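Hi,

Here is the structure I promised to pass on. Have a look at it first, and then read my notes below.

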Amino acid sequence: MYLCALMQKEIKKRVDKGEMLPLMEEFYTIQGEGYHKGTAAYFIRVGGCDVGCHWCDVKESWNADLHPPTDTMNIVENAKKYSDTIVVTGGEPLTWDMTFLTRELKARGMKVHIETSGAYKLTGEWDWICLSPKKIKLPTKEVYENANELKVIVYNKDDFRFAEEQAAQVNQDCILYLQPEWSKRDKVVPEIVDYVMANPKWKISLQTHKYLNIP
Ligand SMILES: C[S@@+](CC[C@H](N)C(=O)[O-])C[C@H]1O[C@@H](n2cnc3c(N)ncnc32)[C@H](O)[C@@H]1O
Ligand SMILES: Nc1nc2[nH]cc(C(=O)O)c2c(=O)[nH]1
Ligand code: SF4
Ligand SMILES: [Mg+2]
């Protein structure tokens with residue numbers, strides 16, 4: 001076998017174990033969305049997602065092959081320099097085994113949050129789970145049970161129905177958010193405002209980083 005084919009196989013094995021991850025980007029910013037909005041956090045964006053939301057704002061993340069397999073230990077050591085709050089996002093982070101990444105981050109005293117569609121098996125140990133469910137690939141039972149916040153994206157009126165259906169699946173303590181789909185914000189924000197006033201168990205989440213012009 002060619003040496004590079006052997007290396008590819010070795011890398012795949014390490015990715016399967018979560019010891020390497022296809023890293024798209026990492027950046028220190030302010031969490032823009034949901035319960036922790038306004039809080040400084042270091043973001044780790046892992047490539048790979050096959051959920052396929054047509055309005056996804058990071059489509060460049062979808063193809064994992066475009067993002068270099070990166071030693072998880074290097075990601076951890078680097079993250080530690082910036083913040084003690086880490087947000088793991090993607091792509092869909094639960095495409096990969098998150099056990100190793102979260103164990104090593106937590107061993108260094110970091111608080112570890114995830115942004116997930118919940119479409120795959122829940123791996124890893126999380127201080128905060130933000131579940132943003134998608135109609136085209138519904139969350140697994142474990143993610144519904146463990147979500148700390150539910151963040152439903154509102155693109156059209158049917159998303160209010162979907163939001164209620166999803167709220168019925170999560171645990172009692174889960175905090176409920178409606179977030180406008182960015183390109184439809186002018187149309188849907190007034191609808192969300194009316195909806196939240198009529199149904200105050202919901203709160204509004206905005207993508208505040210986009211208004212602040214930060215990553
Ligand atoms: C890019 S996703 C990555 C994490 C995971 N795949 C997920 O969907 O939760 C991060 C967050 O951005 C939200 N999002 C993506 N595109 C959006 C858009 N156009 N408008 C509003 N929110 C969006 C997602 O629903 C999710 O809550
Ligand atoms: N500032 C900032 N906050 C965010 N919250 C969730 C994000 C994500 O893409 O997962 C995100 C993001 O991309 N930037
Ligand atoms: S699940 Fe997340 S990353 Fe994947 S397409 Fe949907 S919004 Fe984008
Ligand atoms: Mg984003």
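How many of the 6 residues of strand β5 (residues 111-116) are buried? The count is 5 of 6, so β5 is mostly covered. Buried here means that 20 or more other C-beta atoms lie within 10 Å of a residue's own, exposed means 12 or fewer, and partly exposed is in between, with C-beta atoms placed from the backbone. Strands (E, at least two residues) and helices (H or I, at least four) are DSSP runs, numbered from the N terminus.

Before you go further, some housekeeping. This is a predicted model, in which local features need pLDDT of at least 70 and side-chain atom pairs count only at pLDDT 80 or more, while totals for chains, interfaces and linings use all residues. Residues are numbered from 1 along each chain as its sequence is written, and chains are lettered from A and ligands numbered from 1 in the order in which they are written.

The strands around β5

Thr85 has Lys111 in β5 as its bridge partner, and Val88 stands opposite Ile114 in β5. To get from β4 to β5 the chain goes through α3, and this β-α-β crossover is right-handed. That means that, with the strands pointing away from you, the path from the first strand over the helix to the second runs clockwise.

With β6, β5 again runs parallel, joined by 4 bridges. Ile114 turns up here too, opposite Ile129 in β6. β4 also runs parallel to β2, and 5 bridges join them.

Around Gly91

Next, click on Gly91, in the loop between β4 (85-90) and α3 (99-107). The peptide bond from Gly90 to Gly91 is cis, with omega near 25 degrees. Is Gly91 buried or exposed? Gly91 counts as buried because 28 other C-beta atoms lie within 10 Å. Leaving aside neighbours within four places in sequence, Gly91 is in contact (C-beta atoms, placed from the backbone, within 7 Å) with Met24, Arg45, Val46, Gly47, Gly48, Cys49, Ser61 and Trp62.

Cys49, one of those contacts, sits in the loop between β2 (40-46) and β3 (69-71). Cys49 is buried, because it has 23 other C-beta atoms within 10 Å. Cys53 is in the loop between β2 and β3 as well, but with 19 C-beta neighbours inside 10 Å it counts as partly exposed.

UniProt's unreviewed entry gives the annotation "binding site" to Cys49, Cys53 and Cys56. Under "binding site", the unreviewed entry also lists Trp55, Cys56, Asp57, Gly91, Ser132, Pro133 and Lys134. Those positions are in the numbering used here, feature names are shortened, and annotations may be inferred rather than shown by experiment.

Ser132 is buried, because it has 22 C-beta neighbours inside 10 Å. Not counting residues up to four places away in sequence, Ser132 touches Glu115, Ser117, Lys151 and Ile153.

The ligands

Which residues are around ligand 3? They are Cys49, Val51, Gly52, Cys53, Cys56, Val58, Ser61, Gly90, Gly91, Glu92, Ser117 and Lys134. A residue is near a molecule if its C-beta atom, placed from the backbone, lies within 6 Å of it. By class, this shell has 5 nonpolar, 5 polar and 2 charged residues. Ala, Val, Leu, Ile, Met, Phe, Trp, Tyr, Cys and Pro count as nonpolar, Asp, Glu, Lys and Arg as charged, and the others, Gly among them, as polar.

Ligand 2 has Thr29, Ile30, Gln31, Gly32, Glu33, Thr89, Glu115, His209 and Pro215 around it. That shell divides into 2 nonpolar, 5 polar and 2 charged residues.

Asn213 has a positive phi of about 55 degrees although it is not a glycine. You'll find Asn213 in the segment after α7 (208-212). Asn213 is exposed, because it has 6 C-beta neighbours inside 10 Å.

Cheers

Terms used. Two residues are in contact if their C-beta atoms, placed from the backbone, lie within 7 Å. Two strands pair if DSSP finds at least two bridges between them.
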